Amino acid sequence: MNATAQLAAAVVPAAGRGERLGPGAPKALRELGGVPLLVHAVRALARSRAVGLVVVAAPADGVAEVAALLDSHGLDGKDIRVVAGGATRQESVRLGLAAIPADTGIVLVHDAARPLVPVEVVDAVAAAVRAGAEAVVPAVPLADTVKRVEPRPAGGPEPVLDTPDRATLRAVQTPQGFLRATLHQVHEKALAEEAEGGLPPVTDDAGLVERFGGRVVVVPGHEEAFKVTRPLDLVLAEAVLARRRASDGF
């Protein structure tokens, strides 16, 4: 790869509402320490010297609002673009990918709901792709015992099927990193499958790579890169942010 191709672009899908956080603004616009989650997430990516461009896929009716929001928080120094996202995370990533220049060889995909990812995780993911991996995910070991169950949609006790060895399991985080050609290819295949009434969307982009036979590798994640999904997560994130601000002026 040439120097331009080795500088990563990042896509942040931020068009969802995040209903598990409760009623109100879309999840990406909920505030953490007085600043929207999305702004924290974009800042985390922009701090990395490995990232030259951040593309935010915003709600289709909120592109101007999100662009103004990012402008108002002083995110200068990096190329930050806002495009209309889609009805699903998968569609938003595909639309964000389409806005990235063709000579960009590495693409990161990061959840807006992971506002506190340390810059060293961003750097490690990008470095692993530069070193030759086609798809990279940051992940952490599981602390809890995990049971595989037979779901009961109507509620009630669920029979346990087995207990996987947690030493072989990881909780996956973002940003996930990809060769741009790989990410484009799997999204095109998924779009074709969707049009034919095929398999449902996956929950992350690495899952698409796996579905179509690609190889995904794991690098160490970080406990502070957790996803803000429920109200208790927001409380924890506030505590982490307060500690950072007290210790290093974050």
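**Overall fold and nonpolar cores**

The radius of gyration of the chain is 18 Å, which agrees with the value near 18 Å for a compact globule of 250 residues. The model is predicted. Its C-alpha trace spans about 55 × 40 × 35 Å along the principal axes. Eight helices and 12 strands make up the secondary structure. Among contacts with a separation of 6 or more, 72% join residues 24 or more positions apart.

Of the 250 residues in the chain, 44% are buried. The largest nonpolar core holds 36 residues. Within this core, Leu38, Val54, Val56, Leu70, Leu108 and Val136 touch the most other members. Helix H5 gives the most, with six residues.

Val54 illustrates the packing. Beyond its neighbours within four places in sequence, Val54 is in contact with Ala10, Val12, Val42, Leu45, Asp79, Ile80 and Arg81. Another core lies apart from the largest one and has 18 residues. Its members include Val93, Val109, Leu183 and Val209.

The surface was examined next. The chain exposes about 12300 Å², and carbon and sulfur atoms supply 54% of this area. Charged side chains number 27 positive and 30 negative. The centres of the two sets lie 3 Å apart.

Key. Residues numbered from 1 in each chain as written. Predicted model: local features only at pLDDT ≥ 70, side-chain atom pairs only at ≥ 80, totals over all residues. Heavy atoms only, no water. Core = buried A, V, L, I, M, F, W, Y, C linked by side-chain atoms within 4.5 Å. Buried < 20%, exposed > 50% of the residue type's maximum accessible area, 1.4 Å probe, protein only. Helix = DSSP H or I, 4+ residues; strand = E, 2+ residues; numbered from the N terminus. Contact = heavy atoms within 4.5 Å. Rg over C-alpha atoms; globule rule 2.2 N^0.38 Å. Areas by Shrake-Rupley, 256 points an atom, 1.4 Å probe, with all protein chains shown as cover. Lys, Arg positive; Asp, Glu negative; His and termini not counted. Charge placed at Lys NZ, Arg CZ, Asp CG, Glu CD.
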